[in-house]
Structure formats: structure tokens, C-alpha cells
Amino acid sequence: MANAKLKTNRAAAKRFKLTGSGKLKRSKAYTSHILTKKSPKTKRNLRHPGLVDKTNEKQMKRLLPHL
């Protein structure tokens with residue numbers, strides 16, 4: 001019998017992309033609503049994607065085996 005195939009976690013696949021150097025790119029939280037009380041500087045900094053922390057990277061790579 002053949003070995004079981006690894007399945008990608010679809011929720012994670014929709015939220016993360018791989019950078020050229022192999023790191024995981026993520027979108028930032030706090031961007032969807034209640035933006036009136038946030039400063040323009042905060043909103044500007046939230047536009048740019050963040051990276052997954054190295055402490056979580058091993059877990060995320062396990063969820064995304066084919067990335």
C-alpha cells in the first residue's frame with residue numbers, strides 16, 4: 001500500500017505566502033474596522049505585510065507542506 005499523502009491546511013494556505021528567501025509572509029491584524037481612532041501612522045504601517053515569527057515557522061511549515 002502506498003504512503004499517505006500530506007494534505008495542505010487550506011485555511012493556512014489562504015493566509016500565508018512564501019517569500020523568495022523561504023520565509024512566510026502574513027497579513028497584519030487590526031486593519032478591517034474601527035479605523036477612525038487609529039493614527040495615520042499606525043494605519044500606514046499596517047498596510048505592509050509582516051513575517052511569521054521564527055518561533056512559529058516550524059508549525060506553519062507543517063501546515064503547508066507543499067509551499
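Two strands are said to pair if DSSP finds at least two bridges between them. The views below show details of a predicted model.

**View 1. An open sheet of three strands.** The strands of this open sheet follow the order β1-β2-β3, and their pairing is antiparallel. β1 (16-18) and β3 (50-51) stand at the edges and have a single partner strand each, so one side of each is left without a neighbour in the sheet.

**View 2. The pairing of β1 with β2.** Strand β2 comprises residues 24-26, and three bridges join this strand to β1 in the antiparallel sense. Which residue of β2 stands opposite Leu 18? The residue facing Leu 18 is Leu 24.

View 3. Side chains of opposite charge can pair when their charged atoms come close. In this view, the side chain of Lys 61 meets that of Glu 57 in a salt bridge, with a distance of 3.9 Å from N to O. The pair counts as a salt bridge because the rule asks for a side-chain nitrogen of Lys or Arg within 4 Å of a carboxyl oxygen of Asp or Glu. By this rule, the count comes to one salt bridge. Both partners belong to helix α3 (residues 54-63), where Lys 61 and Glu 57 are four residues apart, about one turn of the helix.

View 4. Glu 57, a residue of helix α3, is classed as buried because its relative accessible area is 17% and buried means under 20%. Which residues does Glu 57 touch, not counting those up to four places away in sequence? With that exclusion, Glu 57 touches Gly 22, Lys 23, Leu 24 and Val 52. Leu 24, one of these contacts, is also the residue of β2 that stands opposite Leu 18.

**View 5. Tyr 30 in the loop between β2 and α2.** Tyr 30 is found in the loop between β2 and α2 (40-46). Although Tyr 30 is not a glycine, its phi is positive, at about 70°. Tyr 30 is exposed, and its relative accessible area is 67%.

**View 6. Ile 34 in the loop between β2 and α2.** The loop between β2 and α2 also holds Ile 34. Ile 34 is a residue other than glycine, and its phi has a positive value near 55°. With a relative accessibility of 46%, Ile 34 counts as partly exposed.

Key
Residues numbered from 1 in each chain as written. Predicted model: local features only at pLDDT ≥ 70, side-chain atom pairs only at ≥ 80, totals over all residues. Heavy atoms only, no water. Helix = DSSP H or I, 4+ residues; strand = E, 2+ residues; numbered from the N terminus. Buried < 20%, exposed > 50% of the residue type's maximum accessible area, 1.4 Å probe, protein only. Contact = heavy atoms within 4.5 Å.
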